[in-house]
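Here is a set of questions and answers for reading a protein structure, to be followed with the sequence and the coordinates at hand.

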Amino acid sequence: MNGPAIRTENLSRTFGPVRALDGLSLEVAPGTIFGFLGPNGAGKTTTIRLLLGLLEPTAGQAEVLGLDTRTRADAVRARTGALLDHTGIYEQLSAQDNLDFYGRIWQMPAAVRHTRVREVLTVMGLWERRQDRAGTWSRGMQQKLALARTLLHRPALVLLDEPTAGLDVQAAAAVREALSALVAQEGVTIFLTTHNMAEVETLCQQVVVIRQGRPVAQGRPQDLRAQAGRPQLEVVGCGWNEEALRRLRERPEVAAVRGDDGRLIVDLQGDPDLAALVALLVRAGAQVQEVRRASASMEQALLQLIAEERP
């Protein structure tokens, strides 16, 4: 499509005295995975409901797939898919029957419906298990079936609210792989809320961070790490002694030092002289095996971005 899949301008929503969303402006490029991050209660679910036309904004506007969510809400929902609080899966039905049921709801012709059911189950790696009753499946497989349901009618945009919450590591990895496949094979745009920073690092091309209903940062994950998190020096070795750590902490370019006998993490600030820091450790008797400079993790960056402002 031409233009962004989602565009909001100063989008706001209040509930009585509570301002759940305050001045959100963003653009989501088509065919990408866009991360929407923030703590619980930050306004993420409210935003999704505004984008789907389930709520009207108090101020500002939103366009989804070129459609105004105020005046074309039914058309928005017809062209999007959403996986929010519930999977929408009927556990007494087989995987294939679940999707056939939803295909009938979408009024898909029988031949189109049957072909599409096979396509989405294949993409999700579930075709060989299509006759299994959904209630016998693991939660991870049920979540993949829910994603298949969401994609059945070929939506151009899918909105996902914490799709891997509560899944084990293997199931969450399988869902992430399925999401990447959706973008590559179906050209779908995905709007993703998650508390899992591995998903953000692995999947998202762009992210927005909101706090108390207000956007506080926007950009690529690596840019947010560089912007919000301090750079770090990772030293692998042994023999750190208290005197060496004390001298290290006294250096003006060192913000914090932590670690154990095998690994030392030094948070940096200003314009650090890395060679001098390493030489300090060596002179103090430490055995340095490897030195790496890295930016802060996405989790550390997010914690800093959503932290309460101090007076």
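A residue is called buried under 20% relative accessible area, exposed over 50%, and partly exposed in between. The model discussed here is predicted.

Q: How far apart in space are R129 and P30, C-alpha to C-alpha?
A: R129 sits in the loop between α4 and α5. Along the sequence, R129 and P30 are 99 residues apart, while in space the distance between them, C-alpha to C-alpha, is 32 Å.

Q: Which term describes the orientation of α3 relative to α5, roughly parallel or roughly antiparallel?
A: Helix α3 and helix α5, the latter covering residues 139-151, pack with their axes 10 Å apart and at an angle of about 25°. Since angles under 35 degrees count as roughly parallel, that angle makes the orientation of α3 to α5 roughly parallel.

Q: What term describes the orientation of α3 and α4 to each other?
A: The axes of α3 and α4 are 10 Å apart, and the two helices pack at an angle of about 130°. Angles over 145 degrees would count as roughly antiparallel and those from 65 to 115 as roughly perpendicular, and the rest, apart from those under 35, are oblique. The orientation of α3 and α4 is therefore oblique.

Q: What is the handedness of the crossing in which α3 passes α4?
A: The crossing of α3 with α5 is right-handed. For α3 passing α4, the crossing is also described as right-handed.

Q: Where is Q107 found, and what is its relative accessibility?
A: Q107 has a positive phi, near 60°, although the residue is other than glycine. Q107 is found in the loop between α3 and α4. Because exposed means over 50%, Q107 counts as exposed, its relative accessibility being 70%.

Q: Why does Q212 count as exposed, and at what relative accessibility?
A: Q212, a residue other than glycine, has a positive phi near 50°, and its place is in the loop between β9 (206-211) and β10 (214-219). Since the exposed class begins over 50%, Q212 falls into it at a relative accessibility of 52%.

Q: What is the area of the nonpolar surface patch made by Y90, F101 and I105?
A: Y90 is found in the loop between β6 (80-83) and α3 (95-105). Patch residues need over 30% relative accessible area, and Y90, which is partly exposed, has 42%. Together, Y90, F101 and I105 make a nonpolar surface patch of about 290 Å².

Q: How many of the 8 residues of α1 are buried?
A: Helix α1 covers residues 44-51 and is mostly covered. Its buried residues are K44, T46, T47, I48, L50 and L51, so that, with buried meaning under 20%, the count for α1 is 6.

Q: Which residue with a positive phi follows α1?
A: Helix α1 spans residues 44-51. With a phi near 75°, the residue that follows α1 is G53.

Q: What share of the residues of the protein chain counts as buried?
A: The secondary structure of the chain comes to 11 helices and 14 strands, and the C-alpha trace spans about 75 × 50 × 35 Å along its principal axes. Of the 311 residues, the share that counts as buried is 48%.

Key:
Residues numbered from 1 in each chain as written. Predicted model: local features only at pLDDT ≥ 70, side-chain atom pairs only at ≥ 80, totals over all residues. Heavy atoms only, no water. Patch = residues over 30% accessible without salt bridge, like charges linked within 9 Å, V, L, I, M, F, W, Y side chains within 5 Å. Areas by Shrake-Rupley, 256 points an atom, 1.4 Å probe, with all protein chains shown as cover. Salt bridge = Lys/Arg side-chain N within 4 Å of Asp/Glu carboxyl O. Helix = DSSP H or I, 4+ residues; strand = E, 2+ residues; numbered from the N terminus. Buried < 20%, exposed > 50% of the residue type's maximum accessible area, 1.4 Å probe, protein only. Axes fitted to C-alpha atoms, helices over the stretch in contact; angles between N-to-C directions. Left-handed = near helix turned anticlockwise from the far one by under 90°.
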